[in-house]
Amino acid sequence: MAESESQKGNYDNRENTVENFKMDIEELLEKMEKLTVLAAWMAYYLVAIRTNPDLPKAMQHLEDVFLICKEQMEKKWQEVVME
């Protein structure tokens, strides 16, 4: 009877190991998917910038305008809170 309990323990241990392995594989696959998407976007941006030299200037302009707008919104929000 001691052998059957030991075998059951081994089976449970194997089952846990397999489940842990599956979870690890799923996590790694998720990370790989995210990295693949990031690499694809980086390649896209590189191609877009190389084919249109004015694009970085336009993107910088949009970022500058966005930051100005954000600053103004924060000021207005502070004024509303103070009232």
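This is a predicted model: local features need pLDDT of at least 70, side-chain atom pairs count only at pLDDT 80 or more; totals for chains, interfaces and linings use all residues.

Lys75 counts as partly exposed, at 44% relative accessibility, and its side chain meets that of Glu71 in a salt bridge, with 3.6 Å from N to O.

**Salt bridges**

- In the pair of Lys75 and Glu71, the residues are four apart in helix H2, which covers residues 55-82, and so they are separated by about one helical turn.
- Glu71, the partner of Lys75 in this bridge, counts as partly exposed because its relative accessibility is 43%, a value that falls between the limits of 20% for buried and 50% for exposed.
- Glu19 forms a salt bridge with Lys22, and here the closest N and O atoms are 4.0 Å apart.
- Glu19 and Lys22 are three residues apart in helix H1, so about one helical turn separates them.

**A patch of negative charge**

- Asp24, Glu26, Glu27, Glu30 and Glu33 gather on the surface in a patch of negative charge.
- Glu30, one of the residues of this patch, lies in helix H1 and is partly exposed, with a relative accessible area of 48%.
- A residue needs over 30% relative accessible area to belong to a patch, and Glu30, at 48%, therefore passes that cut-off.

**A nonpolar patch and its aromatic rings**

- Val37, Trp41, Tyr44, Tyr45 and Ile49 form a nonpolar patch on the surface, and together they have about 540 Å² of accessible area.
- Val37, one of the members of this patch, has its place in helix H1, which covers residues 2-51, and is partly exposed, with a relative accessible area of 46%.
- Trp41, Tyr44 and Tyr45, which are among the residues of the nonpolar patch, also form one aromatic cluster.
- A search of the whole structure finds three aromatic pairs, and in general a pair of aromatic rings is described by the distance of the centres and the angle of the planes.

**The chain as a whole**

- The protein chain has two helices and zero strands.
- Of the 83 residues in the protein chain, buried residues make up 1%.
- The accessible surface of the protein chain comes to about 8300 Å², and 63% of this surface belongs to carbon and sulfur atoms.

Methods
Residues are numbered from 1 along each chain as its sequence is written. Side-chain values use heavy atoms; hydrogens and water are left out. Patches are made of residues with over 30% relative accessible area and no salt bridge: like charges are joined within 9 Å, nonpolar side chains (Val, Leu, Ile, Met, Phe, Trp, Tyr) within 5 Å. Accessible areas come from the Shrake-Rupley method with a 1.4 Å probe; for residues, only the protein chains shown count as cover. Buried means under 20% relative accessible area, exposed over 50%, partly exposed in between (1.4 Å probe, protein chains only). Rings of Phe, Tyr and Trp (its six-membered ring) pair if their centres lie within 6.5 Å; planes under 30 degrees apart count as stacked, over 60 as edge-to-face and the rest as tilted. Lys and Arg count as positive and Asp and Glu as negative; His and the chain ends are not counted. The place of a charge is taken as NZ of Lys, CZ of Arg, CG of Asp or CD of Glu.
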